[in-house]
Structures are given as C-alpha cells and as structure tokens.
Amino acid sequence: MRMAGEPPSLGEEPAANPSDPGKDFHLSPGPDGETSMGSERMEMRKRQLSVPQETTDCTPSQHEVGNRASNACCFCWCCCCSCSCLTVRNQEEERARRASYELRTEELPNCEESPTPTLEEVNAWAQSFDKLMVTPAGRNIFREFLRTEFSEENMLFWMACEELKQEANKSVIEEKARIIYEDYISILSPKEVSLDSRVREAINRNMLEPSQHTFDDAQLQIYTLMHRDSYPRFMNSALYKDLLQSLSEKSTEA
C-alpha cells in the first residue's frame with residue numbers, strides 16, 4: 001500500500017485525478033472491451049427509471065377496465081334480450097297505430113241505411129267489384145272490412161265524391177269541396193288518402209274554382225286501389241264467408 005504523496009512505483013500508472021485540468025478523466029476499458037462497472041450501473045439505472053414509466057403508460061387503469069367490463073356486459077345484455085326489445089317495440093307501435101286509428105274514426109259518418117242483403121246479392125259480389133260497390137249493403141259490409149285494415153277512409157272519400165257529384169248549388173259545391181279537401185287530401189288530416197303527386201297537383205288547380213268533378217281523378221285512383229288491393233282480401237275474409245254461409249243456411253231452412 002502506497003502512502004499519500006509517495007511517488008508511484010516502477011511500472012505503476014499514476015491514478016487519474018478528476019480535479020486535474022491537465023488530464024482528461026475517463027474510464028479505462030475492461031479486458032473484454034466493455035465499459036467500466038460505473039458506466040454499466042448508470043445505464044442500468046436509466047433503464048430502471050424508464051421501465052416503470054412505460055409500464056404505467058401501457059397498463060390500463062382500473063377505471064378503464066371497469067368501463068370495458070361494463071360495456072361488455074351491456075353488449076351481451078343487449079344481444080341476449082334483442083328479441084324481447086323487438087317484441088316490446090312492436091307492441092308499442094301496434095298500440096300507437098290503434099290509438100291513431102281510433103282518433104281518425106271518432107267522427108266518421110255512420111254506415112248507409114240498407115236492407116239485409118239477399119243470398120243472390122252476396123253471391124254477385126264475388127263476380128265483380130262493381131257489383132259490390134253498386135249496392136248500399138255491399139258498400140257497408142266492405143267498409144266494415146276496410147275498418148279492420150285501417151283503411152276505411154278510402155271508402156269514405158269515394159262516397160263523399162259521389163255525394164258531391166249530386167250537388168247543383170255552386171255555394172254548396174264549394175263548401176263540400178273544401179270539406180273533402182281538408183278531410184281526405186290535406187297532408188295534415190289524419191284521414192288523408194294515398195294519392196300520387198300528379199293527382200294532387202290537379203286537385204290543387206281545381207280547388208281554385210271547385211266543381212262537381214274536382215276530385216274525379218282522385219276518386220278513380222282510390223277506387224282502383226280498393227279494387228286491386230282490398231277487394232281480393234275481402235272475398236277471402238271470414239267476414240264475407242260467414243255472411244255467405246249464414247244466408248245459405250237460412251235459404252236452405254226456408
């Protein structure tokens with residue numbers, strides 16, 4: 001062991017003094033060319049300091065995990081009860097539809113007065129739509145069927161147009177035309193009938209000077225709609241078949 005101030009022995013290199021400005025302070029390489037132990041420790045310390053930060057950034061927080069779990073549960077719950085949700089939604093839509101229809105039919109006019117149809121008349125209804133519509137009894141039973149399909153306004157509109165054609169007084173024609181327009185043509189009416197844009201434009205022009213034939217095109221379109229769409233279902237309905245069977249039984253008994 002060498003005392004302080006004692007010169008180094010032969011072959012011994014003097015120790016580096018960091019405070020000596022005349023000499024550069026550096027770490028000598030080891031036998032394998034690696035850095036000194038102090039440099040390795042510094043590098044290891046830097047890595048240790050950087051690892052927790054990366055781990056903290058990459059690890060999801062407990063709040064995020066909870067949200068993900070909650071979302072997963074909600075997703076699974078929605079998937080499992082999708083059928084129930086659709087059923088409830090359909091039921092609500094049906095109730096709303098029925099309520100809307102009841103509102104529309106609150107002020108509908110009563111059916112026409114007509115005698116009980118005969119068996120011959122009821123059989124004739126199956127021959128053509130015209131034969132059904134030409135008799136009050138046929139219109140009444142068909143209107144009853146349309147009510148079950150929530151389309152009774154089609155028959156009411158057709159009948160109102162027929163009544164308008166019978167008027168001759170100009171002031172009465174104008175008043176009835178206005179009522180028909182507000183009840184069945186206006187888009188704000190709950191009893192609006194389904195018409196294409198061409199017919200609506202023609203009605204708007206005709207309403208400048210209403211006449212008995214203001215709604216002729218619209219009446220024909222609704223008549224065709226009932227003929228092609230509702231009439232075939234009416235002929236296959238229980239309403240028509242029960243009436244036909246009842247009259248047939250009475251005819252047999254007589």
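Is Phe 142 buried or exposed, and what is its relative accessible area? Phe 142 is buried, with a relative accessible area of 0%; buried means under 20% relative accessible area, exposed over 50%, and partly exposed in between, with a 1.4 Å probe and protein chains only. The structure is a predicted model, in which local features need pLDDT of at least 70 and side-chain atom pairs count only at pLDDT 80 or more, while totals for chains, interfaces and linings use all residues. Residues are numbered from 1 along each chain as its sequence is written, and side-chain values use heavy atoms, with hydrogens and water left out.

The secondary structure of the protein chain consists of 11 helices and 0 strands. Helices (H or I, at least four residues) and strands (E, at least two) are DSSP runs, numbered from the N terminus. Of the 254 residues in the protein chain, 26% are buried. The accessible surface of the chain comes to about 18300 Å², and carbon and sulfur atoms account for 54% of this surface; accessible areas come from the Shrake-Rupley method with a 1.4 Å probe, and for residues only the protein chains shown count as cover. Among contacts with a separation of 6 or more, 61% are between residues 24 or more positions apart, where contact means heavy atoms within 4.5 Å.

In soluble globular proteins, nonpolar side chains tend to be buried together. The largest nonpolar core in the model has 38 residues, and Phe 142, Phe 157, Phe 215 and Met 226 have the most contacts inside it. A nonpolar core is a set of buried Ala, Val, Leu, Ile, Met, Phe, Trp, Tyr and Cys residues joined through side-chain atoms within 4.5 Å. At least two residues of this core come from each of α4 (119-125), α5 (129-133), α6 (136-148), α7 (152-165), α8 (170-185), α9 (197-206), α10 (216-235) and α11 (238-253). Helix α7 gives the most, with 8 residues. Leaving out residues up to four places away in sequence, Phe 157 touches Ile 180, Tyr 184, Ile 185, Val 193, Phe 215, Ala 218, Gln 219 and Ile 222.

A search of the whole structure finds 10 aromatic pairs. Rings of Phe, Tyr and Trp (its six-membered ring) pair if their centres lie within 6.5 Å; planes under 30 degrees apart count as stacked, over 60 as edge-to-face and the rest as tilted. Phe 129 and Tyr 223 form a tilted pair, with ring centres 5.0 Å apart and planes at 55 degrees. This pair links distant parts of the chain, as Phe 129 is in helix α5 and Tyr 223 in helix α10, 94 residues apart. Both Phe 129 and Tyr 223 are buried. Phe 142 and Phe 234 form an edge-to-face pair, with 5.4 Å from centre to centre and 80 degrees between the planes. Phe 142 lies in helix α6 and Phe 234 in helix α10, so this pair ties together parts that are 92 residues apart in sequence. Phe 234 is buried, with a relative accessible area of 0%. One aromatic cluster is formed by Phe 129, Phe 142, Phe 145, Trp 158, Tyr 223, Tyr 231, Phe 234 and Tyr 240.

The axes of α6 and α7 come within 7 Å and cross at roughly 145 degrees. Axes are lines fitted to C-alpha atoms, for helices over the stretch in contact, and angles run from 0 to 180 degrees between N-to-C directions. Arg 139, Phe 142, Arg 143, Leu 146 and Arg 147 of α6 make the contact with Glu 152, Met 155, Leu 156 and Trp 158 of α7. These residues divide into 5 nonpolar, no polar and 4 charged; Ala, Val, Leu, Ile, Met, Phe, Trp, Tyr, Cys and Pro count as nonpolar, Asp, Glu, Lys and Arg as charged, and the others, Gly among them, as polar. Phe 150 is placed in the loop between α6 and α7 and is buried, with a relative accessible area of 16%. The phi of Phe 150 is near 60 degrees, a positive value in a residue other than glycine.

Glu 209, in the loop between α9 and α10, is exposed, with a relative accessible area of 70%.
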